[in-house]
Amino acid sequence: MPFESSAESIVPPSGAAGAGPLIAAVDIGGTKIAGALVDARGELLVRVQRPTPADRDAMTVMGSLAEVLAGLRESADWPRVVAVGIGSAGPIDASRGTVSPVNIAGWRDFPVVAQVGERVGGLPVVLTGDGIAITAAEHWQGAARGHDNALCMVVSTGVGGGLVLGGKLHPGPTGNAGHIGHISVDLDGDVCPCGSRGCVERLASGPNIVRRALESGWRPAHGEESDAAAVARAAREGDALALASYDRAAQALAAGIAATATLVEIDVAVIGGGVAGAGPLLFEPLRAHMRRYATLSFASGVKVVPAVLGTDAGLVGAAAAAAQALRLEAFATGAH
């Protein structure tokens, strides 16, 4: 599919181009496919974005990704690119270079690494799950920086995550390690779309916060959408049902974090995503529940903090994960 430039596609760098290496980063989600050229300081020099045709066939989706790559290649900075990092919604299989995002119906075991490799002139391509990518970003430039053992989470329409152990990303053999959203914290709880029961995601994601509030009798104000932001507004105004739904989400997150801390000895849990935007409504009960669940001496000191990188974390993290996988020293030193 030919690339067609548009005003929203390419944002020029704010300053003069440097001479160091760049990584082309791609963040694939169910709504949009974003791309950027990322330098060794974690700054995004060029941006390209296309909608994800998530309900179309595999090659139509690939066409949008190809447009993003073509837009990046049009940049005068492209000759400085030394690798491509892909962060994708999952499940992924990094060992095979394939993705099967639950929110992109046409991609099942889709060979995204091979497809991208054909379009980037032989550059190395590294595939990372979106939760791992955000973990890489927060460890490189965000709230987990300076911590050798960390769990980073995204709590939004789903709950994803990733681990840093011994100062390095720990993606696991297929790239799915640290997927805290599908730890079961309610053994006889509701069936999760993954097939298990009582998963963290089934209790703590935005849609499930709303579902639980509605089931308990909460209703949004006249004219408001029934979404997590509306539940948060009601909770801030003291609505007991809205507060209870956020408290239950916080309890599930605390149980999952405490289990992780007990298993692998993390010292910080970083939480981002839309639900984390509720701020104290989530973090205050979460820290209180942590005191109930993380009781062993080596787990009780885990700090729970908000993520700091925002919407660019997926792109920054795709670059960071690629840099670490390929041992690109310029990026390792450029972060400090």
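Helices (H or I, at least four residues) and strands (E, at least two) are DSSP runs here, numbered from the N terminus. The model is predicted, so local features are given only where pLDDT is at least 70 and side-chain atom pairs only at pLDDT 80 or more, while totals for chains, interfaces and linings use all residues. Residues are numbered from 1 along each chain as its sequence is written, and side-chain values use heavy atoms, with hydrogens and water left out.

Axes are lines fitted to C-alpha atoms, for helices over the stretch in contact, and angles run from 0 to 180 degrees between N-to-C directions. Angles under 35 degrees count as roughly parallel, over 145 as roughly antiparallel, 65 to 115 as roughly perpendicular and the rest as oblique. Contact means heavy atoms within 4.5 Å. On the helix 7 side, the residues that make this contact include L243, Y246, A250 and I257, and on the helix 8 side they include L282, L286 and M290. By class, the residues of this contact are 14 nonpolar, two polar and two charged. In that count, Ala, Val, Leu, Ile, Met, Phe, Trp, Tyr, Cys and Pro are nonpolar, Asp, Glu, Lys and Arg are charged, and the others, Gly among them, are polar.

Helix 7 also packs against helix 5, at an angle of about 135° and with the axes 9 Å apart. That makes helix 5 oblique to helix 7. Here I209, R212 and A213 of helix 5 meet S245, Y246, R248 and A249 of helix 7. Four nonpolar, one polar and two charged residues make up the contact of helix 5 with helix 7.

Now turn to the interior. A nonpolar core is a set of buried Ala, Val, Leu, Ile, Met, Phe, Trp, Tyr and Cys residues joined through side-chain atoms within 4.5 Å, where buried means under 20% relative accessible area, exposed over 50% and partly exposed in between (1.4 Å probe, protein chains only). The largest nonpolar core has 42 residues, and M153, Y246, I257, I271 and L286 have the most contacts inside it. Among the elements that give two or more residues to this core are strand 8 (150–155), helix 5 (206–215) and strand 11 (268–272). Helix 7 gives the most to this core, with nine residues. Not counting residues up to four places away in sequence, I257 touches L151, M153, I180, I266, A269, I271, L286, M290 and V302.

Most residues other than glycine have a negative phi, and most peptide bonds are trans. G90 and P91, however, are joined by a cis peptide bond, with omega about 5°. P91 lies in the loop between strand 4 (81–88) and strand 5 (92–93). D109 is not a glycine, yet its phi is positive, at about 55°. D109 sits in the loop between strand 6 (98–99) and helix 2 (112–117), and its relative accessible area of 46% makes it partly exposed. E265 also has a positive phi, near 60°, and is found in the loop between helix 7 and strand 11.
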